[in-house]
Amino acid sequence: MLRLHPYRYHRPKELGEALELLREHRGDSMPIAGGTDLMPNMKHGLYTPSHLVALKGVEELHVIEERDGELVIGAAETLTRVASDPLIKRRLPGLARAAEGIAHPMIRNIGTIGGNVCLDTRCTYYNQTYFWREALGFCLKKDGDVCYVVKGGSRCVAAHSADTPPMLMTLGATVDLATADGARSVPLTKFFTADGIWNTVREPDELVIRVRVPIPSPRLRTSYQKVRERKSVDFPLLGIALAVEIDDSHLIESISLVVAGLGAKPRVVGGLDKIAGGQRLTPDIIEEVARRAHRQCNPLDNLIVDTDWRHAMVAVYVRRAFEEVLGQPLAAA
Ligand SMILES: Cc1cc2nc3c(=O)[nH]c(=O)nc-3n(C[C@H](O)[C@H](O)[C@H](O)COP(=O)(O)OP(=O)(O)OC[C@H]3O[C@@H](n4cnc5c(N)ncnc54)[C@H](O)[C@@H]3O)c2cc1C
C-alpha cells in the first residue's frame, strides 16, 4: 500500500486567504486543485509538503466568460466543464477537444485546467514508487544526481505531458498569476522553461488564477492530435496542436504548430510563416510543414515507448492534424 505522509489540509474560501497561506508556508506548502496528479505524486514520495492549500472552494477561481474580446477561464474550472461549456465549444472548439481527450471522465470531473497548465513533468525514471526509485539510486529530478535519459546530463529532461497547454499556446493564451504580494500576466509561450525539475516561471507560492484566450477569428481552424497507448486514460506520448487561419481566397493567413511530450517545454515549431504564409494549403505545403516539425523535434528516451517510433510519429500526426482542419466546418462567429 502506498501511504501518504502527514500534512495539514487548508480550505480557504477567498483568494487572498489562499495566497496568504502559501506565503506563510512558502517552501513547505503546495496548492491542490483536483489533486488527480498531486495525490499520486505524493503517494510516490515525489512531493511531501506539510501544508496543502485547496483551491476548489475559492470563488474567484471559478469563471467562464467572454470579456473584452477574450475568453476567460478560471483556474479551478474542471476539465469536464472546459470540454463541454457551450461558450468554449463555440469559440475555442480545439481547446474543448483537447480537454475532452484527457484521462477519463472521472478524472476530468475532478481535474482542473489550472492543474493541467501547472502539471508536473513526467519521466520513466521519475513517475515510480519510492521503492522503485530507491532501487535504481534515484534520479536528477528527485532525490538523486544522475539522469538516466541523457547519460551524464546535468539538466532534467522529463517531458511536458499536459494536453491543454499546446492548444492554448497556438491560440495565443495568457495566464494570470498572483502571490500575496501582487499579480502578473505571462503569455503561455513564455510560461514554460526547459528545466524538467520545475518547468514553469511560476514561483512556488504563486497561483495561476485564470487563463485568457483571445477570441479567434471564425476563419481559424484547429486540431489537437494526441499519441497515446490506449484511446483513453493515458497521458500523451506526443501532443500536437495546430491552428491555421485561412482567408476568403483560401490562402493561409497565419499558422501555429506546437509539439509537446518531447522535453520539459512544449516546442513551437519555427519558420512556418516563411513556408506556408500566404500559400494555399496544398499537399506539398503540408508535407513541408510535417518535415520541418520532424526535423525540429527530437523525442528523448524519457517516456515508455521507442524514441525513433515517437520521432516518426511527429510527421504522421502533423499530417493528421492538417487532415482534421481541412475537413472541419468553420467555427461559429
Ligand atoms: C490515470 C491518469 C491519467 C491522466 N491522463 C492525463 C492526460 O491524458 N492528459 C493530461 O494532460 N493529464 C492527465 N492526467 C493528469 C491530471 O489528471 C490532469 O493533468 C489534471 O488536469 C490535473 O489537474 P488537477 O486539478 O487534478 O491538478 P492537481 O493534481 O491538483 O495539481 C497538479 C499540479 O498543479 C499545481 N496546481 C494546481 N492548480 C494550480 C493553480 N491554480 N495554480 C498553481 N498551481 C496549481 C499543484 O500544486 C500540482 O503541482 C492523468 C492523471 C491520471 C491519474
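How many disulfides does the protein chain contain? In this predicted model, the count comes to zero disulfides. A disulfide is a covalent bond between the sulfur atoms of two cysteines, and the criterion applied here requires a pair of cysteine sulfur atoms within 2.5 Å. Cysteine 118 takes part in no disulfide, the nearest cysteine sulfur being that of cysteine 156, at 17 Å. For cysteine 147, the closest cysteine sulfur likewise belongs to cysteine 156, but the separation of 6.5 Å is too far for a bond. The surroundings of these residues were also examined. Cysteine 118 has a relative accessible area of 26% and is therefore classed as partly exposed, whereas cysteine 147, with a relative accessible area of 9%, is buried.

The overall architecture was considered next. The secondary structure of the protein chain comprises twelve helices and twelve strands. Taken along the principal axes, the box filled by the C-alpha atoms is roughly 60 × 45 × 35 Å. The radius of gyration is 20 Å, which agrees with the value near 20 Å for a compact globule of 333 residues. Of the 333 residues, 54% count as buried. When contacts between residues at least 6 apart in sequence are taken, 62% of them join residues at least 24 apart. The accessible surface of the protein chain comes to about 15,000 Å², and carbon and sulfur atoms account for 51% of this area.

On that surface, Leu2, Tyr130 and Phe131 make a nonpolar patch of about 300 Å². Leucine 2 lies in the segment before strand 1, which spans residues 8-10.

With residues up to four places away in sequence left out, the contacts of threonine 307 are with Pro299, Leu300 and Asp301.

Key
Residues numbered from 1 in each chain as written. Predicted model: local features only at pLDDT ≥ 70, side-chain atom pairs only at ≥ 80, totals over all residues. Heavy atoms only, no water. Patch = residues over 30% accessible without salt bridge, like charges linked within 9 Å, V, L, I, M, F, W, Y side chains within 5 Å. Areas by Shrake-Rupley, 256 points an atom, 1.4 Å probe, with all protein chains shown as cover. Salt bridge = Lys/Arg side-chain N within 4 Å of Asp/Glu carboxyl O. Helix = DSSP H or I, 4+ residues; strand = E, 2+ residues; numbered from the N terminus. Rg over C-alpha atoms; globule rule 2.2 N^0.38 Å. Buried < 20%, exposed > 50% of the residue type's maximum accessible area, 1.4 Å probe, protein only. Contact = heavy atoms within 4.5 Å.
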